[in-house]
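Dear colleague,

Please find below the structure that I am handing over to you. A short account of the findings comes after it.

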Amino acid sequence: MKTKIKICGLRRKEDIVYVNAARPDYCGFILNVPQSRRNMDPEGLKGLLEELDPGIVPVGVFVNEDTNTILRIVRESGLKMIQLHGQEGEEMVRTIRETAGVPVIKAVSVKSREDVERAAGFPADYLLFDCGTGGTGRSFDWSCLEEAKQPYFLAGGIGIHNMKEAVERFHPFAVDLSSSVETDGVKDEKKIADAVHMLRSLT
Ligand SMILES: O=C(O)c1ccccc1N[C@@H]1O[C@H](COP(=O)(O)O)[C@@H](O)[C@H]1O
């Protein structure tokens with residue numbers, strides 16, 4: 001199967017224009033995470049999603065958010081996928097997956113092979129392997145991925161400099177980019193286009 005691509009951390013109208021032109025498979029919105037410079041208020045989300053090309057799946061990224069708040073935001077905004085990027089436990093992942101009616105991605109911070117092995121027990125539709133807290137622009141030791149048993153999103157410092165190696169060596173379900181497609185802290189149209197173009201040329 002061809003590796004897909006997600007562009008994460010959109011928050012401006014221009015960002016929607018950029019992804020509509022580049023056409024990644026998924027795009028992500030960091031919601032109610034004030035410690036992130038990519039944070040956006042869910043109030044503004046519906047308006048952005050109305051402008052999004054229907055062929056791009058919008059993913060809501062939450063960090064240790066209350067379950068009912070996640071379910072309400074998904075219901076009201078039209079998000080098509082949920083990414084849990086904090087310390088959410090199995091029970092919460094299961095509840096959200098059963099109730100929200102959209103697929104759930106569970107992010108796991110990888111420091112060792114054991115982190116990847118343990119993640120196999122999560123009742124999520126997809127796992128996402130990342131470095132640290134998310135959106136850091138840093139990679140982890142990819143040799144840990146040799147223990148991965150199910151389809152996963154690969155995140156953490158992915159860009160055009162290392163995407164070829166990531167895809168050809170590990171065949172992730174999707175690569176997930178944020179920092180590498182920004183200039184001066186905002187999304188960059190050309191970097192997004194180049195990243196999506198490179199991914200399509202690889203697979
Ligand atoms: O991007 C953030 O600020 C962020 C904040 C909180 C949770 C997740 C966040 N981003 C996720 O990080 C990876 C991309 O990381 P990178 O910048 O390319 O290294 C992706 O999964 C985003 O959803």
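The notes below go from the overall fold to a helix pair, and then to the pocket and the cavities.

This is a predicted model, in which local features need pLDDT of at least 70 and side-chain atom pairs count only at pLDDT 80 or more, while totals for chains, interfaces and linings use all residues. Residues are numbered from 1 along each chain as its sequence is written, and side-chain values use heavy atoms, with hydrogens and water left out.

Overall fold

The protein chain holds seven helices and 11 strands (DSSP runs, H or I of at least four residues for helices and E of at least two for strands, numbered from the N terminus). Its radius of gyration, taken over C-alpha atoms, is 16 Å, close to the 17 Å that the globule rule gives for 203 residues, so the chain is as compact as a globular protein of that length. The globule rule is 2.2 Å times the number of residues to the power 0.38. Along its principal axes, the C-alpha trace spans about 40 × 40 × 30 Å.

A helix pair

Helix α6 (residues 163–170) packs with helix α7 (residues 189–202) at an angle of about 30°, and their axes are 10 Å apart. The axes are lines fitted to C-alpha atoms over the stretch in contact, and angles run from 0 to 180 degrees between N-to-C directions. In contact (heavy atoms within 4.5 Å) are Met163, Lys164, Val167 and Glu168 of α6 with Ala195, Met198, Leu199 and Leu202 of α7. By class, this contact has six nonpolar, no polar and two charged residues (Ala, Val, Leu, Ile, Met, Phe, Trp, Tyr, Cys and Pro count as nonpolar, Asp, Glu, Lys and Arg as charged, and the others, Gly among them, as polar).

The largest pocket

A pocket is an open set of points on a 1 Å grid over the protein atoms alone, with protein on both sides within 12 Å along at least five of seven lines; lining residues have an atom within 4 Å of a point. Of its 39 lining residues, His85, Asp130, Thr133, Gly134 and Gly135 lie nearest its centre. β6 gives the most to this lining, with four residues. The lining has 12 nonpolar, 18 polar and nine charged residues.

Cavities

A cavity is a set of grid points where a 1.4 Å probe fits but cannot get out. There are two cavities of 30 Å³ or more. The largest cavity, of about 40 Å³, has one nonpolar, two polar and six charged residues in its lining. Val116, Leu127 and Phe129 are among the residues that line the second largest cavity.

With kind regards

Conventions. Grid points are joined across faces, edges and corners, and a volume is the space filled by probe spheres set on the points.
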